[in-house]
Each structure stands twice: as C-alpha cells, then as structure tokens.
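Please keep the model in view while reading.

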Amino acid sequence: MPAELSWAVYVLYLASATVFLVLENRSPQSTFAWLFLMVLAPGIGPVVYFLFGRGANAFSHRKALRRQLGRTGLARELDQVRAAQEEARHELSDSDVEIYRRLPQLLWTSTEAPLTMGNQLDILQNASEKYPRLLADLRAATRLIHLEYYEWADDALTREVLDILRARVAAGVTVRALYDPVGSFSMLTRGYVQALRAAGVEVHPYSPIWRLHTISYRNHRKLVVIDSEIGYTGGLNLTAKHLTGPEGFSGWRDTHARVTGDAVAMLQWTFALQWFNTTGELLSDSALYPRGRRPGTVPIQVVNSGPDSRFSVIRQQYIAMISMARDHVYLQSPFCVLDDSVLQVLCATAMSGIRVWVMIAPRGGEGPLAYRAGMTYARDLARAGVRVLLYEGAYFHCKTIAVDSLVCSIGSANMDIRSFTINYETNLVIYDRDTTRHLESAFLADIRQCRPFHADAYMRLPAYKRLGDSVMRLFSPLL
C-alpha cells in the first residue's frame with residue numbers, strides 16, 4: 001500500500017475511533033486511556049476494546065426480566081417492598097445523625113436498595129473464621145443452598161464442600177451454584193464441575209470465556225444463601241488459598257459477614273438476578289424471599305452494582321460515606337486505583353480536618369500492574385493529608401469502610417475503577433454503632449502489621465521506577 005494511502009487510512013481510523021469514543025460520553029480519564037491505546041496499537045486497540053471496553057447495557061437483561069416479573073407474583077412482592085421503604089427510612093433517621101438520614105435515601109434512589117431493619121450480623125475475620133461457620137451451615141441446610149463465587153478452586157477445602165453438597169442433594173436440598181470462569185480459570189477443574197453436576201448441583205459459569213463480547217464484565221461477588229435464612233458475603237472466595245496465603249505471603253487477611261434476618265431476602269434476590277442473567281430462569285417462588293421483621297436490631301442495605309447499572313452506585317456509596325464523615329474514615333482495600341471523583345473526595349475530606357486513614361496492599365500474588373498504579377494514587381492521597389498504610393506479611397484483601405463509629409460497609413468491591421464500573425459487586429451497608437466499632441477495632445489492630453507510606457520517600461525512588469508506575473496509571477481505567 002502506498003505511504004500516502006496508508007497515512008490516509010490511519011488518519012481516518014483515528015478520526016473514527018475518536019468520534020466513537022467521544023460519543024460514548026465516558027469519563028475523560030477513561031476516554032483518553034482508550035484513545036491512547038488506539039493510537040499506540042491501531043491493530044490491537046479495537047480488538048481489546050471489543051473484548052474489554054464496551055458498555056454492558058447492550059447486553060442487559062432488564063427488559064426480559066420485566067416481562068418475566070409481570071407473569072409472576074414477584075412483581076407484587078417487590079411493590080410491597082418499595083411501599084415499606086419510607087417507613088423504614090423514617091425509623092432509622094429518627095435521630096440527629098445526618099448520615100442515617102441521607103445515605104439510605106441515596107442508595108434507595110440510585111438503585112432501589114431496600115433498607116432492612118431486623119437483622120443480626122457477625123463479622124468473620126479471615127478464612128479461619130468464615131469457613132468453619134460456612135461448612136457447618138451448609139451441613140445443616142434443609143431446603144436450599146445458593147452459592148456465587150468469583151474464585152472457586154478444586155482443592156482440599158472445596159472437595160469437602162463437594163462432599164457436603166452431594167449429601168445435601170441426596171437429602172432433598174436444592175443446590176444452585178454460579179462461578180466466574182475468568183476468576184476461577186486456573187483453579188477450577190472440569191472434573192470438579194462435572195462432579196458437582198453428577199451430584200445433582202445445578203452449576204453454571206457466569207459469562208463463559210467463549211462469549212468474548214462480555215469477557216471483561218466479571219461476576220466478582222462472593223455470596224451464599226442457605227434456606228433463605230442465612231447469608232454470607234464479603235471478600236473471601238472459595239479456595240484453600242485463603243487459609244494459607246499465596247506464594248510469598250505469610251497468610252491471607254480478609255473480612256466477611258454472616259447475616260440472618262430480612263437482609264437475607266435481598267441477598268437471595270441478588271443471586272436470583274445473576275441466575276436469571278446466566279440461565280434465563282427466574283426463581284419466582286415467593287417463599288425464597290421471606291419478609292417481615294425478624295429478631296435482630298441491625299439495619300442493613302444490600303447494595304448491588306454492575307456494568308449494566310444505571311448509576312455506579314457503589315462508587316456513590318463510597319463518595320457519600322467519605323463526604324458525610326465528621327470525625328474519621330477508615331478504609332481498607334487491596335487496590336487503590338481511583339477515578340477522579342473518589343480521589344478528590346478523599347483528598348478534600350482529609351484537607352478539611354477529618355481523619356482519613358486508607359489501608360492497602362503494596363503488592364499481590366497475581367501480577368504487579370494494579371499495585372504499581374496504586375502507588376501513584378497513594379502519593380496523591382498522602383500529599384493531601386490522608387494517612388496511607390501498607391499492609392505487610394499476609395496478603396491484604398479486605399474491602400471495608402467505617403465512618404465515625406456510626407456506619408460501615410463490608411463487601412466484595414475493591415476501591416478501584418473496575419469494581420466501581422464494570423464488575424458485578426455486592427456490599428452490605430450497616431447502620432449500627434456496635435458493628436461499626438467492632439470493625440474499627442479490627443482496623444486499628446491491623447495497623448500493627450502496616451508500614452506508613454510517605455510521599456517524599458516515594459519521590460526519592462529512581463525515576464525509572466516511578467515512570468513505570470505512572471505508565472500503569474495511564475491504563476488504570478482498563479486494569
């Protein structure tokens with residue numbers, strides 16, 4: 001091809017790519033990151049965009065879900081839940097605590113996350129606390145078990161889970177399971193999945209790898225519902241690795257939650273939506289979603305977000321909780337890859353005199369890219385007065401935030417662009433002083449395992465190391 005024609009084709013390609021990306025109205029940061037990739041790799045950029053960059057609204061099942069709901073009694077059930085929300089929010093906000101008035105309203109308006117009042121919640125620190133409780137609850141199941149995990153391994157722990165599920169199915173318990181094939185790619189064997197199916201477990205991968213057009217939109221949740229009475233969610237997947245830690249680490253530090261009460265119906269609905277998105281089957285038996293005030297005093301909102309959400313509601317949750325703080329914010333996340341809105345609200349809150357402490361992982365067991373980009377954001381936070389803490393020894397995987405000893409959140413969402421925009425995530429927002437103080441006490445204990453991050457020390461690193469981190473930051477919307 002003559003040079004003049006090649007140049008003309010390249011210019012036309014860049015002009016078309018620019019117009020297309022601009023018309024998508026993404027954040028400027030994301031738009032420029034994709035455009036930068038298109039310029040650097042004109043042959044590869046469009047392919048990467050097709051696989052990882054397109055908005056998932058094109059693949060949303062919302063219309064099909066509405067049609068299915070219209071044919072069942074669940075539509076009336078959901079209407080009753082909506083009608084009860086004003087009373088529930090009024091009950092919580094009947095105090096002088098601003099965050100109790102505003103945060104539940106925000107999460108209801110943006111995603112219709114119902115506020116449930118009659119709950120009990122146990123914070124489970126690390127796999128050594130979660131797995132024994134989970135296995136005992138699975139063994140005691142009498143009607144149903146629903147499991148949804150980003151990482152599901154074939155190892156000694158999960159083979160014990162397999163034996164339990166096999167026995168429960170034989171006893172007449174219905175067992176359904178979802179796993180993410182990308183998150184579980186190097187862990188879950190075909191033989192294990194076949195063994196689950198042979199045992200009578202209905203098991204499916206969410207968005208199989210061969211569906212290239214949705215390969216970037218991952219189901220990052222870690223969720224279990226047992227007998228519609230007990231729910232689990234948080235940061236821990238289903239793998240023995242969480243008991244020992246990845247290679248090069250002394251262990252695995254994580255936080256999970258066990259819930260009983262009205263919030264379990266919302267976790268059940270979360271599973272049901274993903275089951276519908278995966279299989280096309282709507283779990284419409286209203287007995288799966290029991291409602292009515294249960295023994296318990298902990299108010300909880302189950303907050304779900306995904307690439308097909310109208311708003312990035314978990315990002316809104318973080319922004320609102322940070323900006324409403326009046327004394328302190330304690331935040332834990334393995335990743336610190338921020339969009340401009342979250343970065344600015346953290347910096348502004350710290351600069352206004354609020355104590356903002358952020359605990360992150362300086363490295364991980366599966367590649368350095370996101371962690372290296374995170375160091376540049378840590379520098380920006382530290383310069384604004386945020387106390388940044390780097391967890392050492394065990395691999396750090398907690399995803400929590402606690403504000404003013406009043407409200408906290410435990411869930412699956414990292415503090416990064418991927419979790420805020422293109423992963424399916426679930427957080428529990430917990431409006432309870434005792435639970436929040438318990439979580440804050442764990443945060444303060446974790447500080448003993450941390451070293452402080454100092455912006456000045458980071459800037460004294462060799463320029464080539466900082467340049468590598470900054471290059472990773474350029475691609476942070478894609479990580």
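This is a predicted model: local features need pLDDT of at least 70, side-chain atom pairs count only at pLDDT 80 or more; totals for chains, interfaces and linings use all residues.

**Strands, helices and cores**

Strand E11 (residues 328–332) and strand E13 (residues 355–360) run parallel and are joined by five bridges. Within this pairing, Leu331 has Val358 of E13 opposite it.

E11, E13 and E14 take their places in an open sheet of nine strands with mixed pairing, whose order is E1-E10-E19-E17-E16-E11-E13-E14-E20. The edges of this sheet are formed by strand E1 (115–116) and strand E20 (450–452); each has a single partner strand, so one side of each lacks a neighbour in the sheet. In general, the strands of a sheet pair through backbone hydrogen bonds, in either a parallel or an antiparallel manner.

Thr349 lies in helix H14, which comprises residues 340–351. Is Thr349 buried or exposed? Its relative accessibility is 7%, and because the limit for a buried residue is under 20%, Thr349 counts as buried. When residues up to four places away in sequence are not counted, Thr349 touches Ile322, Ser323, Ile354 and Val356. Of these, Val356 falls within the range of E13, residues 355–360.

Strand E3 (residues 144–149) has six of its six residues buried, so the rest of the structure largely encloses it. Leu144, His146 and Glu148 point one way from the strand, Ile145, Leu147 and Tyr149 point the other way, and all are buried. Which strands pair with E3? One partner is strand E4 (residues 174–179), which runs parallel to E3 and is joined to it by six bridges; in this pairing His146 stands opposite Arg176 of E4. Another is strand E6 (residues 222–226), which pairs with E3 in the antiparallel sense over five bridges, with Ile145 opposite Ile226 of E6. Between E3 and E4 the chain passes through helix H9 (residues 156–170), and the three elements make a right-handed β-α-β unit.

With a relative accessible area of 41%, Gly200 is partly exposed. Leaving aside neighbours within four places in sequence, Gly200 is in contact with Val169 and Val175. The C-alpha atoms of Gly200 and Thr174 are separated by 8.5 Å, although the two residues are 26 apart along the chain.

Helix H8 (residues 127–140) can be examined for both its length and its faces. Its 14 residues should span 20 Å at 1.5 Å a residue, and the C-alpha atoms at its ends are 20 Å apart, which agrees. The buried residues of H8 are Ala127, Lys130, Tyr131, Leu134, Leu135, Asp137 and Leu138. They cover an arc of only 165 degrees around the axis, which means that they lie on the same side of H8. Ser128 and Ala140 are exposed on the other side of the helix.

The interior may be considered next. In soluble globular proteins, nonpolar side chains tend to be buried together. The largest nonpolar core here has 105 residues, of which Leu103, Trp152 and Leu346 touch the most other members. Leu103 is in contact with Gln301, Ala320, Met321, Met324, Val407, Val429 and Tyr431, leaving aside its neighbours within four places in sequence. A second, separate core has 29 residues, including Phe271, Tyr289, Ala402 and Leu428.

The chain as a whole contains 19 helices and 20 strands. Of its 479 residues, 58% count as buried. Among contacts between residues at least 6 apart in sequence, 82% join residues at least 24 apart.

Definitions and conventions
Residues are numbered from 1 along each chain as its sequence is written. Side-chain values use heavy atoms; hydrogens and water are left out. Helices (H or I, at least four residues) and strands (E, at least two) are DSSP runs, numbered from the N terminus. Buried means under 20% relative accessible area, exposed over 50%, partly exposed in between (1.4 Å probe, protein chains only). Contact means heavy atoms within 4.5 Å. Two strands pair if DSSP finds at least two bridges between them. A crossover is right-handed if, with the strands pointing away from the viewer, the path from the first strand over the helix to the second runs clockwise. The expected span of a helix is 1.5 Å times one less than its number of residues. The arc is that of the directions from the helix axis to the C-beta atoms. A nonpolar core is a set of buried Ala, Val, Leu, Ile, Met, Phe, Trp, Tyr and Cys residues joined through side-chain atoms within 4.5 Å.
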